[in-house]
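Trainee: I am new to this structure. Please take one part of it and go through that part closely.

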Amino acid sequence: MLESFLLSSFLISQSSIAEPKFLALKNQLEKFGFQVIIALPPLKHSPQQNIGGNPPLPRPYGLLESSKKIIWINPVVFDLQIATQTLIHESVHAAQVCAGGGKLKTLGLDIQPINYARPFFLRYADVHRQDLEREAYAVQTQPNSFELATSLLQQNCK
Ligand SMILES: [Zn+2]
């Protein structure tokens with residue numbers, strides 16, 4: 001059952017990668033030196049993974065390793081039809097890395113995320129992290145999120 005789910009998500013992933021906005025954003029990120037990898041993000045924050053037969057922890061939809069400029073996109077987002085949205089979110093973090101010269105720095109955007117997104121960034125205990133996530137969710141939930149993410153990359157990554 002699990003295997004067939006993984007197989008089907010793999011097949012769908014391969015075809016859905018051709019989504020034009022996803023591809024355009026991926027190309028732009030690569031132009032600015034980021035690597036976009038379609039694979040399960042590593043579990044580096046969970047040293048106790050799978051010890052004692054625990055079920056695997058859920059992986060995030062996307063993850064940016066700022067030190068290596070690698071963006072991980074969980075293949076499940078293609079099934080969930082949120083691949084472009086996820087890459088837009090990670091693109092904002094990429095622009096934050098460019099703005100901070102290699103470390104995440106807030107962009108000082110004066111837009112707020114819509115209310116339903118609040119629990120997603122308020123769950124971060126770290127206030128600095130909350131601000132970084134607030135910006136990513138703010139962009140992600142705008143009607144022109146794709147154009148916004150594109151211009152943030154152009155403004156901050158040169
Ligand atoms: Zn984020």
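Mentor: Angles under 35 degrees count as roughly parallel, over 145 as roughly antiparallel, 65 to 115 as roughly perpendicular and the rest as oblique. This is a predicted model, in which local features need pLDDT of at least 70, side-chain atom pairs count only at pLDDT 80 or more, and totals for chains, interfaces and linings use all residues. Residues are numbered from 1 along each chain as its sequence is written.

Helix H4 covers residues 83-99 and helix H7 residues 145-156, and their axes lie 9 Å apart at an angle of about 20 degrees. Axes here are lines fitted to C-alpha atoms, for helices over the stretch in contact, and angles run from 0 to 180 degrees between N-to-C directions. H4 and H7 are therefore roughly parallel to each other.

The crossing of H4 past H7 is left-handed, that is, the near helix is turned anticlockwise from the far one by less than a right angle (clockwise would be right-handed). On the H4 side, the contact involves Ile88, Ser91, Val92, Ala94, Ala95, Cys98 and Ala99, which meet Ser145, Phe146, Ala149, Leu152, Leu153 and Asn156 of H7. Contact means that the C-beta atoms of two residues, placed from the backbone, lie within 7 Å. Sorted by class, this contact of H4 with H7 holds ten nonpolar, three polar and no charged residues. Ala, Val, Leu, Ile, Met, Phe, Trp, Tyr, Cys and Pro count as nonpolar, Asp, Glu, Lys and Arg as charged, and the others, Gly among them, as polar.

Definitions and conventions
Helices (H or I, at least four residues) and strands (E, at least two) are DSSP runs, numbered from the N terminus.
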